[in-house]
Amino acid sequence: MAEYKLLLPSMGEGVMEATIITWLFNEGDNVKEDDSVVEIATDKVDSDVPTPVSGKIVKILKHKDEVAKVGEAIAILEIEGEGSASEEVASETPAATPDTETLKTIEQPLQTAAASNVEFSGDLYLSPLVKSIAQQENISETELKSIKGSGLEGRITKEDILAYVANRGNQPAQQAAPVQQAVSAPAPAPAATITAAAGDEIIPMDRMRKIIAENMVKAKQIAPHVTSFIETDVTNVVKWRNKNKAIFEKREGEKLTFMPIFVKAVVKAIQDFPMINVSVSGENIIKKKNINIGMATALPDGNLIVPVIKNADQLSLSGLAKAINDLAYRARNKKLRPEDTQGATYTISNVGSFGNLMGTPIIPQPQVAILAIGAIVKKPAVLETADGDVIAIRNLMFMSHSYDHRVVDGSLGGMMLKHVHDYLENWDLNTEI
């Protein structure tokens, strides 16, 4: 028999580590090739790790709530074949850790941890576990920047922060931050404590809801939001879809929704106004080469995720329809890969799918704009004809465009929205699918 080291696989560009959520098998269990053996979480998405070989799990190296780096061993399997453990599995020297009592104090479940007012700017990459330890121990961002990380690209690992906590009393006192820093970046006021009344139900946030809450607050703190609105006549779009949806489903075996049309119109408008496809880095504006469209998707558990249509400008309507259907299906069935939620440069949120007429969407960082699509409603509208104005029943829809006023002024944000409006309102009924 030989030993096989199960490694944390690569999960896409920019993802260097993941937190273990739960093991689906125990030590001593036999697993088959391609069995999902462990659930992991990044800051973006949950996913499973399959085993590429069949064998027996003899040792789990990374346990629940621990963080593993990409390429790091998370378990050892016993498999058929020859070879010694020293040849198959590299020996690892455990990092120095605090005493057992310190570990017990630090690694309490998140829901029982004491509330902390510590906030981080986002300049540091912190895994969920490292961040929770820092918050529980009231470790400031200034202190974190003084820790020399041993992870990839110098990132702080669990072992680094635990070692820091164990020796914290021996560290020199941190110098007070300069006055101008405190003035320019005041700490946010702590949230008010709410007392539950008799009969109220207390529901702890799950991990994804905590991430959503943190990202939404950060987005509003970073970007000054402005929202423009427009009402669009999408009668041609509705007629075109009605004419083509049965043909498309018969040919491709998939539904034809309105979303590919919306994405196509947005992509064309971004090409007209490329300065909407940017990010802000300090005092620099980064103009994105690729057009990657995020698609806000509601999950069955009530949470929200934003899978990304990569290089949307290079896809036909048919290609967009297939990509959108695939991402939506995998999002709702927890089959997204971490890279499926990365790299968006602009986002669309279809609030009309819930029967809403319009909304004021929050801009996902580090993007600078987001479009909300409202419900399509039949209404009487005034049409201009050669014989004069007439009232007709039309399919109308509101769109809401939120943009970051640091770099997108009303003229740019409004004109971009107007171009989306024009592309939809003048949709060619002879467009091929």
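1. Four strands, in the order β1-β8-β6-β3, make up an open sheet whose pairing is antiparallel, where strands are DSSP runs of E of at least two residues and helices are runs of H or I of at least four, both numbered from the N terminus, and where two strands pair if DSSP finds at least two bridges between them. At the edges lie β1 (2-7) and β3 (30-31), each of which pairs on one side only. The antiparallel strands β1 and β8 (residues 73-79) are joined by 6 bridges, and Leu6 has Ala75 in β8 as its bridge partner.

2. On provenance, this is a predicted model, in which local features need pLDDT of at least 70 and side-chain atom pairs count only at pLDDT 80 or more, whereas totals for chains, interfaces and linings use all residues. Residues are numbered from 1 along each chain as its sequence is written, and side-chain values use heavy atoms, with hydrogens and water left out.

3. A further open sheet is formed by 4 strands in the order β5-β4-β2-β7, again with antiparallel pairing. Its edge strands, β5 (46-50) and β7 (67-69), each pair on one side only. Neighbouring strands of this sheet are turned against each other by 45 degrees on average, direction ignored. Within the sheet, β2 (residues 17-23) and β4 (residues 36-41) pair in the antiparallel sense over 4 bridges, and Thr22 has Glu39 in β4 as its bridge partner.

4. Helix α9 (residues 259-272) packs against helix α11 (residues 410-425) at an angle of about 135 degrees, with the axes 9 Å apart; axes are lines fitted to C-alpha atoms, for helices over the stretch in contact, and angles run from 0 to 180 degrees between N-to-C directions. The two helices are therefore oblique to each other, given that angles under 35 degrees count as roughly parallel, over 145 as roughly antiparallel, 65 to 115 as roughly perpendicular and the rest as oblique. The residues of the contact of α9 with α11 divide into 10 nonpolar, 1 polar and 2 charged (Ala, Val, Leu, Ile, Met, Phe, Trp, Tyr, Cys and Pro count as nonpolar, Asp, Glu, Lys and Arg as charged, and the others, Gly among them, as polar).

5. The axes of α9 and α10 come within 9 Å and cross at roughly 120 degrees, and these helices are therefore oblique to each other as well. Met259, Pro260, Ile261, Val263 and Lys264 of α9 make the contact with Leu317, Leu320, Ala321 and Ile324 of α10, contact meaning heavy atoms within 4.5 Å. By class, this contact of α9 with α10 has 8 nonpolar residues, no polar ones and 1 charged.

6. For helix α8 (residues 235-252) and helix α10 (residues 317-332), the axes come within 13 Å and cross at roughly 70 degrees, which makes α8 roughly perpendicular to α10. In this contact, Trp240, Phe248, Arg251 and Glu252 of α8 meet Leu317, Ser318, Ala321 and Lys322 of α10, a set comprising 4 nonpolar, 1 polar and 3 charged residues.

7. The count of aromatic pairs comes to 2, under the rule that rings of Phe, Tyr and Trp (its six-membered ring) pair if their centres lie within 6.5 Å, with planes under 30 degrees apart counted as stacked, over 60 as edge-to-face and the rest as tilted. Trp240 and Trp427 form an edge-to-face pair, at 5.7 Å centre to centre and with 75 degrees between the planes. This pair links distant parts of the chain, with Trp240 in helix α8 and Trp427 in the segment after α11, 187 residues apart.
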